[in-house]
Amino acid sequence: MAKTTRIFLRLSLYFLVALLCIVGSPVLAKVPGSINSSSQLPINSLTSLPVATDAASLLQQGKVLYSTENFAKAVEVLQQAVQIYKQQGDSLALAATLSNLSLAYQQLGAWNQAQQAITESLNLLKTQDKNQNLQLFAQSLDIQGRLQLAMGQSEAALATWQETEKIYKQANSQSGVVRSLINQAQAWRTQGFYPRAVKTLDRISQTLKSQPDSIEKTVSLRSLGDALLVLGDLKKSRRALEESLIIAQNLQSRADIGASLFSLGNNARRQHQKEQAIAYYEQTIAVSPSPLTKIQAQLNHLGLLIEDRQWAKVQTLLPPIESQLKQLPLSRASIYAHVNYSQSLAKVKSGVLQASSQSFYSGLSTKDSAKLLARAIEQSRSLGDKRAEAYALKSLGGLYEETRQWPEAQDLTRQGLALAQSSNAPEITYSLEWQLGRLLWAQKNINGAITAYDAAVDTLKSLRRDLVVNKDVVNQEVQFNFRDSVEPVYRQSVELLLQSQQGKPNEKILEKARERIEALQLAELDDFFREACLQDKKVTLDRVVDKDNSKAAILYPIILRDELQVIVKIPKQPLQNYTNKISQAEVEKLLVELRRNLVNPTATKIVQTQSQQVYNWLLKPIESQLQKSDVDTLVFVLDGPLRNLPMAALYDGKQYLVEKYAIALSVGLQLLDPKPLVKQQLRALTAGLTQPPPGFPKFAPLLAIKSEFEGISKAGVTTTSLLDGDFKKKNLESKIGAASFNIVHLATHGQFSSRLEDTFILDFDGQINVKDFDTLFRSQGKTVVELLVLSACQTATGDSRAALGLAGAAVRAGARSTIASLWQIDDQSTAMFVSAFYRELKSGKITKAEAVHRAQLKLLKHPNYRAPSFWSAYVLIGNWL
């Protein structure tokens, strides 16, 4: 009987460890704009086994407390069980209980206690016969891996979970192996290796596909969907999450149903499907047994309502959130929930004040937010969680910043910064450095503010360097709302630098300001692709201008809150700048209207009026200098919505800019080893579609493509063509790889968007996404395509930042120069432009920019194509030589 009782006791210990430590993607406290889902394998409800001792009863009680997320109480109960087993001298039971205690401590963020408990557990297990306790040893290692991951030791966690995989294989535990692989995928994700995590999770899903539904199956699919969401593959992410939900429903696992619904809500939110996202969040709240998952869904729902300024619905949602927040057991995740709610309250107060909704506003108090944050700070300290404390201090400092209590805000910010730096949390560190910069600036401490902003930019650059070192790394911590959380750091920094000149031009400051704007553009491209771009060997634009081409000037317009700054580089002259006192809102309003009018051939008069205003901002102050310097080419490094406009269409009151200058665009301050094409034999691979593929009805036929290709051949260019059914991605890639073409000319519809998933070109089979351009156009190894021409593309309608996709396409293809159209043009005029361009290019002794210039003039002088809508859409990006 005693032996039977002993076996039951050990079985109950074994199941408890299994229940507490089956972790696919541990709950990690992050700092996003919206709260992310975890893909945690939940604690299942199992039939209670016979209770053999008081300690076993305590263990069962600990399991129940843990499953209801009452982690602090679970710790108390498990500590009592530990003492009983120590008195009984039962090493195996003690080791299992210590492992569970460590897991509960981890949920509280009590890392030192968690480390002590798991170390003691593993030391006890090492004294036992491992072969007889393989499962228990592997599960305790699982818990150690989770702790290592939570403490930022992702490489150590990966190694631990690789060891557990081997042990589970030795124990013939297929489910254990799968859990270990899911954990390894989470370790890869935490390091930013999302592609590798996806590969691992995809392999798990394929392995489990033919097997019965299981918790591991639903969790692996959910984790896969979450990883794909970060990578931007939204369709595949949604499919994986929907499959995960179906399995969870088949298993009738409410915890997994809720988690999958929550992840689907995040996917819908990412796709700007707000109503669907809210529906998923509401279902999550109704189904999930987890108080934390419920509150996460409510906070994300609240965020969407705030974005849409639906104040009546916001007012309805606040009381239940406050009520549930008070009931959350203490943990790092609950602390973050409190902080995120306080931030939402601040946004609500600001938005309601602007809306003049006094009845609602009177019910909102800054003191309420301050109390929430003070409580979060106190809880963080009680847990010894420096990272959570830094996050809460940042938010409280930000609250004091809003009320203009500068000394208090500065003190809190410095406290938070010290903690974030000591906790190796760069995503919190940069935001505190930015906050400190704002506070010092507000107090007129310009030098101190510049130092703080420099530190914030350097921290952001360090995050980017991580992407560069590991090409398949994606840092989720900087995947916030880029426009709210990253872009303002750079823009405000530039504004501060230029302001520090105090009316006296300083070339060093101007150089630093334009380098910072370039850093912003690179960061924007990194955010677009979710990986580092532009790492090839480059040459600075200044060197090209001063040494290789003394007739080109470079202009850097910078849109700031209350002014439009322009930095100019004229050959053999120092940098200079001038200012237009006009708000960002006014600038962007005019640019959007001008862009809309440009595509209308009958709107020439209004286009001239509006484009003259932009001309006056950007060029009028240096008209005479450009003439005196004999400049014939203007290179623009454009900012924000200016990138949606063709500079060729700017009007000085008498002439368009294209009538005076050749024009080119550059993504940044450097070019890929610039070489002219004039001395090379022109060899072009041409590919095109006369009819769009099925499923793309909004794109019209391109019936003049054959005429376009004939014009290229008649210009004397050696061509190889892929037309209609032959124009497929695999054929294109094969041709580029088999021969050395210096020109690739694609006459096919395409779309540029600020969203990666919506930026593509069409081939016979469907679409080729811009993210595939690197492998497509770099198949020749080190040989670089000199010129890529996209003659029938367009920017996405209604997307003010759509030209970001064009810049992305140019960068991704790796071509030294790219010519593309900003909007869809009559294909007869396109054929005329293309023929003229290649004839000029083949004639020799002129730059690519000048060839484009002359081809545009040919259209402008044609009686049918005088309107800017026909000739101005073509832009040259990159090397203009």
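Me: How do β10 and strand β11 pair, parallel or antiparallel?
Reply: In this predicted model, β10 and strand β11 (residues 760–763) pair in the antiparallel sense over two bridges, where strands are DSSP runs of E with at least two residues, helices are runs of H or I with at least four residues, both numbered from the N terminus, and two strands pair if DSSP finds at least two bridges between them. Within this pairing, G750 stands opposite I761 in β11.

Me: And which strands run parallel to β10?
Reply: Strand β8 (residues 683–688) pairs with β10 in the parallel sense over five bridges, and A684 has I743 of β10 as its bridge partner. Strand β13 (residues 787–795) also runs parallel to β10, joined to it by eight bridges, with Q794 in β13 as the bridge partner of Q751.

Me: So is β10 buried or exposed?
Reply: Strand β10 (residues 743–752) is largely enclosed by the rest of the structure, because 10 of its 10 residues are buried; buried means under 20% relative accessible area, exposed means over 50%, and partly exposed lies in between, using a 1.4 Å probe and protein chains only.

Me: Before I go on, what should I know about numbering and cut-offs here?
Reply: Residues are numbered from 1 along each chain as its sequence is written, and side-chain values use heavy atoms, with hydrogens and water left out. Since the model is predicted, local features need pLDDT of at least 70 and side-chain atom pairs count only at pLDDT 80 or more, while totals for chains, interfaces and linings use all residues.

Me: What does the pLDDT look like over the chain?
Reply: The chain averages a pLDDT of 85, and 86% of the residues score at least 70, where pLDDT is the predictor's confidence in each residue, from 0 to 100.

Me: Changing topic, what about strand β4?
Reply: Four of the five residues of strand β4 (residues 576–580) are buried, so this strand is largely enclosed by the rest of the structure. Strand β3 (residues 564–569) pairs with β4 in the antiparallel sense over five bridges, and V566 stands opposite Y578 in β4.

Me: What lies between β3 and β4?
Reply: The two strands form a hairpin with six residues between them, and K572 in the turn has a positive phi of about 65°. The loop between β3 and β4 also holds P571.
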